[in-house]
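Subject: Handover of a model, with notes

Hello,

Here is the structure I said I would pass on. My notes on it follow below the model.

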Amino acid sequence: MSASIEIAGVSKVYDGGVRAVDTVAMDIRPGEFFSLLGPSGCGKTTTLRMIAGFDTPSTGEIRVDGADITYVPAHRRDMAMVFQNYALFPHRTVAENVAFGLRMRKIDKATIASKVKAALAMVELSGMEDRKPAQLSGGQQQRVALARAIVISPRVLLCDEPLGALDKKLRERMQLELKRLQHEAGITFIIVTHDQEEALVMADRMAILKDGKLLQVGSPEEIYEAPADRFVANFIGVMNFLDGEIDGTGHFVVDGGQIALSERHGPGRRALAVRPEHVSPVGDGQGVPGFISDIAYHGLDRVLHVRTRDTKQAVQLRVPAAEGRNFTIGQPITLTFNSAKCRIY
């Protein structure tokens, strides 16, 4: 059975006055795949450790299904944790590693054998029961660590950068594996990562942290399409920023070009943010004038790197690979922008 988690005004201040987490408040729903995301030092791992019971909040409360567990020891929280280094016992077999938590709970041998078999089947490691961790690949070791956590049937599974040690292709495959496991196990997953793509692929919702503060909570689509501030906009995905001015008619003006805005803003200096997929190359006509500074081939598409004509501000946009052959470095270009997708900061 999954559990809801409420983090109510939680702070963590270490000796010397270092505030690792600063008055964070958020709710995690039962059975949700929730990601804590942010740059190094943002407080995401400290938040996870406080949920797990390895660290105690300086202020605030942590509640599970409405019950205050702020000072409940880690071993009594009905949670399991998967660490970045997996923390497998090198001298024990796969089966023995997975069975460890059950043995600590004094479960009978027949039940342990049955549960271990089911857990290894869930992570697609059937037949590897007698292998040692050194005989496994990184991805297989990661799945053993997951099986060891899932086999005790926790209500909450906590993962601290569980895919960080894997190469890119294996990491992408394991992202889907984690989603499948979470769906099959039906438990609440909380995962810490600094990898924005990882969070976008796996999370039902995510929390963005910076300098210990919570900036935004929402679905991947909400955060990608409507970032709360400039930091979130820049941190999630690729975002173009243009410095310019809003004139008296509500247009954003840069380098002699105009961008129509879908919402009214008062005149003055502003920054416009827009994703590369919402910028189009016109070639001529109305828009923002510039020139192509570089072209990068990405297989299905090409990324055009453009500099605006006067202030030389950088803009990226994507075009189909075949269409990209029509562009050359140094070529003058006029950019148009999807007004509905432009945000002003």
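In these notes, contact means heavy atoms within 4.5 Å. The model is predicted: local features need pLDDT of at least 70 and side-chain atom pairs count only at pLDDT 80 or more, while totals for chains, interfaces and linings use all residues. Residues are numbered from 1 along each chain as its sequence is written, and side-chain values use heavy atoms, with hydrogens and water left out.

M81 and the cores

Helices (H or I, at least four residues) and strands (E, at least two) are DSSP runs, numbered from the N terminus. M81 sits in strand 6, residues 79–82. Leaving out residues up to four places away in sequence, M81 touches L48, A52, F54, L157, L158 and D160. The C-alpha atoms of M81 and I191 are 9.7 Å apart, although 110 residues separate the two in sequence. M81 has 15% relative accessibility and so counts as buried; the term means under 20% relative accessible area, with exposed over 50% and partly exposed in between (1.4 Å probe, protein chains only).

A nonpolar core is a set of buried Ala, Val, Leu, Ile, Met, Phe, Trp, Tyr and Cys residues joined through side-chain atoms within 4.5 Å. The largest one has 37 residues, and V98, V116, L120, L157 and L178 touch the most other members. Two or more residues each come from strand 6, helix 2 (94–104), helix 3 (109–122), helix 4 (138–150), strand 7 (156–160), helix 5 (168–185) and strand 8 (188–193). Helix 4 gives the largest share of this core, six residues. There is also a second, separate core of 26 residues, which includes V21, V24, L36 and M81. As general background, nonpolar side chains in soluble globular proteins tend to be buried together.

Apart from neighbours within four places in sequence, L157 is in contact with A80, M81, V82, L146, A149, I150, I187, T188, F189 and I190. L120 lies in helix 3 and is buried, at a relative accessible area of 0%. With the neighbours within four places again set aside, the contacts of L120 are V94, V98, L125, S126, E129 and A147. L120 and L146 are 26 residues apart in sequence, with a C-alpha to C-alpha distance of 9.3 Å.

Strand pairing

Two strands pair if DSSP finds at least two bridges between them. Strand 9 (residues 205–210) has five of its six residues buried, so the rest of the structure largely encloses this strand. Strand 9 pairs with strand 3 (residues 33–37) in the parallel sense over four bridges, and S35 has M206 as its bridge partner. With strand 10 (residues 213–218), strand 9 pairs in the antiparallel sense over five bridges; here M206 stands opposite G218. Strands 9 and 10 form a hairpin with two residues between them, and D211 in the turn has a positive phi of about 55°.

An open sheet of four strands, antiparallel in its pairing, has the order 2-1-4-5. Strand 2 (18–28) and strand 5 (67–68) are at its edges with a single partner strand each, so one side of each is left without a neighbour in the sheet. Strand 5 pairs with strand 4 (residues 59–64) over two bridges, in the antiparallel sense, and V64 stands opposite A67. Helix 1 (residues 44–52) lies across strand 1 (5–14), strand 2 and strand 4, at about 115° to strand 1. For that angle, axes are lines fitted to C-alpha atoms, for helices over the stretch in contact, and angles run from 0 to 180 degrees between N-to-C directions.

Another open sheet has five strands in the order 13-12-11-14-20, with antiparallel pairing. Its edges are strand 13 (257–260) and strand 20 (343–344); each has a single partner strand, so one side of each is left without a neighbour in the sheet. Strand 12 (residues 251–254) and strand 13 pair over four bridges, antiparallel, with G257 as the bridge partner of V254.

Cysteines

With a disulfide taken as a pair of cysteine sulfur atoms within 2.5 Å, the count is zero. The closest cysteine sulfur to that of C42 is in C159, 17 Å away, which is too far for a bond. C42 is buried at a relative accessible area of 2%, and C342 is buried at 12%.

Regards
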